[in-house]
Amino acid sequence: MTDESTVPAPAPRILLHRSAPDFHRALLEASRAATAGLADPVVTELVNLRASQINGCAFCLGVHARDARANGERPHRLDTLAAWRETPYFTARERAALALTESVTLLAGTHVPDEVFDEAAAHFPETELAHLIGLISAINALNRVGVTSRLTPRP
């Protein structure tokens, strides 16, 4: 028999949108600007989800999984995203974006090796690459806010 009761989420610590609304808006605007410059909703949500998986941001995982499904993302790709290297489901362009996402997210340990950057640069023109770097940076900032403040995911 399975116990189907849930455990309550930890109580939020602080709500930035209330305590620092200008800063919160600026973070969201940075994310929107990067997304607009990338103009690829599939890559955008894969990047947002992968960084959020690494950072353990439940709130962002909920938001971006929902957005990915709304953009037509297929369940088998979402189900295997954490192990994207082990699947045949992702294009070379998506793989380059995911590798860059992981490297930037784990910056202290990787320092973004030339081969990771060069592979992304081979698949993204300079302007898109700049926006991809901005998107990765923005989701990492949002993840850090979400985890630190204990934002609760929405069903």
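Cys60 is buried, at 6% relative accessibility. This is a predicted model, and the accessibility comes from its atoms. Cys57 is buried as well, with a relative accessible area of 1%.

Now look at the sulfurs. For Cys60, the nearest cysteine sulfur belongs to Cys57, 3.4 Å away. For Cys57, the nearest cysteine sulfur is that of Cys60. A disulfide is a covalent bond between the sulfur atoms of two cysteines. Here a disulfide requires sulfur atoms within 2.5 Å. Cys57 and Cys60 sit at 3.4 Å, so Cys57 is in no disulfide. Cys60 is in no disulfide either. By this rule the count is zero disulfides.

Turn next to the largest pocket. Its volume is about 430 Å³. The lining comprises 22 residues. Leu28, Phe59, Val63, His64 and Leu142 lie nearest the centre of this pocket. Which elements give two or more residues to the lining of the largest pocket? They are α1 (16-19), α2 (21-38), α3 (41-55), α4 (58-70) and α9 (126-149). By residue type, the lining of the largest pocket divides into ten nonpolar, nine polar and three charged residues.

Helix α2 also holds Glu29.

Key
Residues are numbered from 1 along each chain as its sequence is written. This is a predicted model: local features need pLDDT of at least 70, side-chain atom pairs count only at pLDDT 80 or more; totals for chains, interfaces and linings use all residues. Side-chain values use heavy atoms; hydrogens and water are left out. Buried means under 20% relative accessible area, exposed over 50%, partly exposed in between (1.4 Å probe, protein chains only). On a 1 Å grid over the protein atoms alone, a cavity is a set of points where a 1.4 Å probe fits but cannot get out, and a pocket is an open set with protein on both sides within 12 Å along at least five of seven lines; lining residues have an atom within 4 Å of a point. Grid points are joined across faces, edges and corners, and a volume is the space filled by probe spheres set on the points. Helices (H or I, at least four residues) and strands (E, at least two) are DSSP runs, numbered from the N terminus. Ala, Val, Leu, Ile, Met, Phe, Trp, Tyr, Cys and Pro count as nonpolar, Asp, Glu, Lys and Arg as charged, and the others, Gly among them, as polar.
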